[in-house]
Amino acid sequence: MPLNIQVLGADDTVTGSRSLLTYQGRSWLIDCGLFQGDKAKRERNWLPFSIQPSSLAGVLLTHAHLDHTGYLPRLCQQGFAGPIHATQGTVDLTQILLLDAAHLEEEAAAFANRTHYSNHSPAEPLFTAADAALANSRLVPHRRDQWIPLAEGLSFRLVRAGHIIGASMIQIAADLGDRGMRTLTFTGDLGNDRSHHLRPPEYIHGTDVLVLESTYGDRLQPREDGLVALAEVVRRTMARGGVLVIPAFAVGRAQELTYMLRLLEDQGKIPAVPVILDSPMATAAMEVCLRHPEDQVLQSAFTGSADPFRPRLFEVSQTVDESMLSCMRDGPMIVISASGMLNGGRILHHLKARLPDPRSTVVFCGYQAEGTKGRFLQDHSADLATLRIHHVEVPIAAEIVTLDHLSSHADYVDTLTWLSHMAQPPAQIVLNHGEPQAQRALAAHILQRFGVQAILACEAKHIVIQ
Ligand SMILES: [Zn+2]
């Protein structure tokens, strides 16, 4: 009874998470993500899917981020009609994210057709709002930690991963007949124990096969409290009368940030200044956070408001007009907007307004993938005079800061610590969701510590379960 995994994405990059699990001739997709970043990566979304989508028995999701879910509408458009399994938290967030992504796709195609700024005529969206609604209708919520049958001899369960609300590892139990049972674990994005509102990843007792993310496989995040680091940069910028601009992933980082800012205000560590959340999606995700206390530790950390995600002078920009007006306001104030890697969205207008101002600060607090504008600005902040935004060279005078403290990923020490809680190391480890140097570095650490030679997704695409 053969069981195998095929790596279809997040092979040499941190986006496009898609793994195909095949058992007794039937296949399930573990995550169904969009490729994001430079043009070459984004073009992978337009390639024909590796197998006929209608032949898939189902999809299992680790969490809602688009690099793990954003291809679902396209998959449904191409004939996939099976169930999409996830936690309730992931279902709630995915519904918001897919519709938003579809609207952006449709707007981009309409813009390209108006301006003839496309090689394709007419330009088409990768998927539409109708495709996203179809994908949303296939989402099936499950409770964590319960084994759920997928097929005879095959079941799965969801285990908390501590990365965002709803995020889970997926464990698969497969009956291989005479060879006995095997367990496989897909970590998806693995969190750490430094979030101020999320519970940390659950330890697992063991697994025969582990498909492990490696985003920070070659990096360490600071162990200093992120609250202290954030308070310092807020105080410094507010003292200058500047604007603190934070590009943040609308789902995950944005909520962690508003939560931390409120906490710092209550502790008297920062002044209460206007905090503008300029992302309707982040605002919607805030409501989802309040509905999922099971993933959070709010009660112990929080010191006293009905809504711990609202700083005292909290404002939300819903409309484009409100967003544009906030770009013209004087500081001191804090603006949180998306996209988190500066791929597009309202954050670009804020950067155009604030980058030329030496009183202002731009704070990166999430992973910036290779090929993104965010990575470019982060890597070249010391020697870059201008940044090209919307075909305009924008002078850079603002302070540029990276706070790796606020990452929602495990770094390599977190990952090794998490692995060390297993009764024995997995027999097979596959590293995905990392740039090649990160995969190689994490493989070296794992070999040294546990004596297991990991398989790298950037090198091997087809893994047969022993
Ligand atoms: Zn993620």
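Phe49 counts as buried, at 11% relative accessibility, where buried means under 20% relative accessible area, exposed over 50% and partly exposed in between, with a 1.4 Å probe and protein chains only. This is a predicted model, in which local features need pLDDT of at least 70 and side-chain atom pairs count only at pLDDT 80 or more, while totals for chains, interfaces and linings use all residues. Residues are numbered from 1 along each chain as its sequence is written, and side-chain values use heavy atoms, with hydrogens and water left out.

**Aromatic pairs**

- A search of the whole structure finds 3 aromatic pairs, a pair being rings of Phe, Tyr and Trp (its six-membered ring) with centres within 6.5 Å, called stacked if the planes are under 30 degrees apart, edge-to-face if over 60 and tilted for the rest.
- One of them joins Phe49 and Tyr71 in a stacked arrangement, with 5.5 Å from centre to centre and 20° between the planes.
- This pair links distant parts of the chain, 22 residues apart, with Phe49 in the loop between α1 (39-43) and β4 (58-60) and Tyr71 in the loop between α2 (66-69) and α3 (72-77); helices (H or I, at least four residues) and strands (E, at least two) are DSSP runs, numbered from the N terminus.
- Tyr71 is buried, with a relative accessible area of 0%.
- The rings of Tyr216 and Tyr367 have centres 5.5 Å apart and planes at 70°, so this pair is edge-to-face.
- Tyr216 lies in the loop between β11 and α6 (226-239), and Tyr367 in the loop between β16 (361-364) and α12 (373-379), 151 residues apart; both tyrosines are buried.

**Nonpolar cores**

- The largest nonpolar core has 97 residues, of which Leu212, Ile334, Ile336 and Ile446 touch the most other members; such a core is a set of buried Ala, Val, Leu, Ile, Met, Phe, Trp, Tyr and Cys residues joined through side-chain atoms within 4.5 Å.
- Domain 1 (3-219 + 408-464) and domain 2 (226-406) both contribute residues to this core, so it lies between them, the domain bounds coming from an automatic or database domain assignment.
- Apart from this core lies another, of 26 residues, including Ile5, Leu60, Ile148 and Val211.

**Sheet and strand pairing**

- An open sheet of 7 strands runs in the order β7-β8-β9-β10-β11-β20-β21 with mixed pairing, where two strands pair if DSSP finds at least two bridges between them.
- The edge strands of this sheet are β7 (148-151) and β21 (455-456), each of which pairs on one side only.
- Strand β7 pairs with β8 (residues 154-160) in the antiparallel sense over 3 bridges, and Pro149 stands opposite Ser155 in β8.
- Strand β1 (residues 3-7) is mostly covered, with 4 of its 5 residues buried, and it pairs in the antiparallel sense with β2 (residues 19-23) over 5 bridges and with β22 (residues 462-464) over 3 bridges.

- Most residues other than glycine have a negative phi, and most peptide bonds are trans.
- A cis peptide bond joins Gly331 and Pro332, with omega about 0°, and Pro332 is in the loop between α10 (320-328) and β15 (333-337).
- The peptide bond from Ala338 to Ser339 is also cis, with omega near 15°.
- His390 has a positive phi of about 50° and counts as partly exposed, at 38% relative accessibility.
- His433 likewise has a positive phi, near 50°, but counts as buried, at 3% relative accessibility.
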